[in-house]
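Let's take a friendly walk through a protein model together. Have the sequence and the 3D view ready, and follow along one region at a time.

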Number of protein chains: 2
Amino acid sequence: MASCTWARAVRGLLLDVSGVLYDSGADGGVPIAGSAEALRRIKAAGLKLQLCTNETQATRENFVRKLRALGFDISVAEVTAPAPAACRLLKERGLRPHLLVHDDLIPEFAEVDKTNPNCVVLGDAAENFTYANLNEAFRLLIGMEKPVLISLGKGRYYKETDGLKLDVGAYMKALEYACDVQAEVVGKPAKRFFESALAELGVPPEQAIMIGDDIVSDVGGAQQCGMRALQVRTGKYRPSDENHPEVKPDAYVNNLAEAVDIILRHL
Amino acid sequence: MASCTWARAVRGLLLDVSGVLYDSGADGGVPIAGSAEALRRIKAAGLKLQLCTNETQATRENFVRKLRALGFDISVAEVTAPAPAACRLLKERGLRPHLLVHDDLIPEFAEVDKTNPNCVVLGDAAENFTYANLNEAFRLLIGMEKPVLISLGKGRYYKETDGLKLDVGAYMKALEYACDVQAEVVGKPAKRFFESALAELGVPPEQAIMIGDDIVSDVGGAQQCGMRALQVRTGKYRPSDENHPEVKPDAYVNNLAEAVDIILRHL
């Protein structure tokens, strides 16, 4: 069996969740074959593990509850997600957000002053992406002397069990264009977000590896921080990703289980 | 009284409608003071007149009916609008559209084959810009070998009587980003669209003048065709338009009535 240079000297893994551990969906989602077992093997081998997700449809507590019900042995501390990072940023800069997010995410912003908004925070609002809600967010932004738009990720789309869905990045672009502003992205692929995830992982970038299904947010973002990054051929992966003009993963793997197999053989 | 060089030798006027003749709204809209009288004076003076609109919320027939009810003496032949131009383009290129447009616009596409779509046509769908409809249009596009997105205009926003609304351009940007495609714009500011309007006006560009409230779609588009263009300070006009980095109107006027006053004095 050939040796894989990309798999050497790994001490910690950052894992994307949707499309790597499971395919999400209104039905709660379906685990990807072999992923729960792969997670157990990572931990049994003594490797560090942190989930690095742009999930903004639920609080981390509810997200972890869902993952545990699907058979994944995960705790809240093992999840790095955009909403808590956004809350830190809002507090640092004295920003009071108008939220256009999923109902289930709102509790993450419980401690943040939301009166008389001076910025808009955009998440994957899903069914809350209504014409009325988008117009409301737009009017608030265009009415600000200096519009501040904070986007929890900038994904183009993701895959649910009933098909592909537009992700927050598409709506971010709509508001950016309408208001002639550039959003600040909190979440993958922002460098600062990966740096937080690495700090929580407790491993330097050259000993960490990111595994995800998004060529830009996962692979591009991680590599920009000096980490290696793999793209899995599950989730939203499309063969055309392998011709991406700018981003080239360190390797493609069929799924998380295959990646973990190879990494463990190189310990 | 000073002479205005921009007002010399005008033989025909192209007029934007919403924000120039009236402010649109769910209540049917409200005429802008002096505009109906200005229209009468243009015609009485023997000047040519054509409305050049990106209106895609109604067929031209219904649009003209609404304008007449508001007191504007206009016929269907005097309206250049994106939907008929799009129909010509679809037929020329053998394209079968999936329509994401306002319900009231659908009859304009009655003669077009819409089975097994090989492109998406996007208009100002207003309440039809639902999460489900946007996901449907996205899935069709991303599933095409070479996605073709045709957008009826690319306005950023417009003003209705109850406030500013996101226009088709914002949703166009969302789909462009999600599918990594560039939309083809039919309507203002496309050069081809202004050329059609000029042909219908029957006046060469150097003897025509465009009057609109949109600095980019109206003023920029018309000037690019060699016409003069005025921005009115009604409709969606905002003082910051006067600092636009790229587009500079030949003049600002407070409203259509003032523009027509000056033009008629220079005949």
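## Helices on the sheet of chain A

Helix α3 (residues 82-93) of chain A lies across β6, β7, β8 (149-152) and β11 of chain A, and it runs at about 130° to β11(A). Helix α5 (residues 168-179) of chain A also packs on the sheet, where it touches β7, β8 and β11 of chain A. The direction of α5(A) makes about 170° with that of β8(A). Touching, or contact, means heavy atoms within 4.5 Å. Axes are lines fitted to C-alpha atoms, for helices over the stretch in contact, and angles run from 0 to 180 degrees between N-to-C directions. Helices (H or I, at least four residues) and strands (E, at least two) are DSSP runs, numbered from the N terminus.

This is a predicted model, in which local features need pLDDT of at least 70 and side-chain atom pairs count only at pLDDT 80 or more, while totals for chains, interfaces and linings use all residues. Residues are numbered from 1 along each chain as its sequence is written, chains are lettered from A and ligands numbered from 1 in the order in which they are written, and side-chain values use heavy atoms, leaving out hydrogens and water.

## The sheet itself

The sheet in chain A is open, with 4 strands in the order β6-β7-β8-β11 and parallel pairing. Its edge strands are β6 and β11 (184-186) of chain A, each pairing on one side only. From one strand to the next, the twist averages 25°. Two strands pair if DSSP finds at least two bridges between them.

Now look at strand β6 (residues 97-100) of chain A, which runs parallel to strand β7 (residues 119-122) of chain A and is joined to it by 4 bridges. A:His98 has A:Val120 as its bridge partner, and A:Pro97 stands opposite A:Cys119. Which way do the side chains of β6(A) point? A:Pro97 and A:Leu99 point one way, A:His98 and A:Leu100 the other way, and all are buried. Buried means under 20% relative accessible area, exposed over 50%, and partly exposed in between (1.4 Å probe, protein chains only). In a regular strand the side chains alternate between the two faces of the sheet.

## Two helix pairs in chain B

In chain B, the axes of helix α4 (residues 131-142) and helix α5 (residues 168-179) come within 10 Å and cross at roughly 40°. The two helices are therefore oblique to each other. Among the residues in this contact are B:Leu134 and B:Phe138 of α4(B) and B:Tyr171 and B:Leu175 of α5(B).

How do α3(B) and α6(B) cross? The axes of helix α3 (residues 82-92) and helix α6 (residues 191-201) of chain B come within 11 Å and cross at roughly 115°, so these helices are roughly perpendicular. Angles under 35 degrees count as roughly parallel, over 145 as roughly antiparallel, 65 to 115 as roughly perpendicular and the rest as oblique. Here B:Pro82, B:Ala85, B:Arg88, B:Leu89 and B:Glu92 meet B:Arg192, B:Phe193 and B:Ser196.

## Backbone details to look for

A cis peptide bond joins A:Lys188 and A:Pro189, with omega about 0°. A:Pro189 lies in the loop between β11 and α6 (191-201) of chain A.

A:Ala126 has a positive phi, near 50°, though it is a residue other than glycine. A:Ala126 sits in the loop between β7 and α4 (131-142) of chain A, and is buried, with a relative accessible area of 7%.
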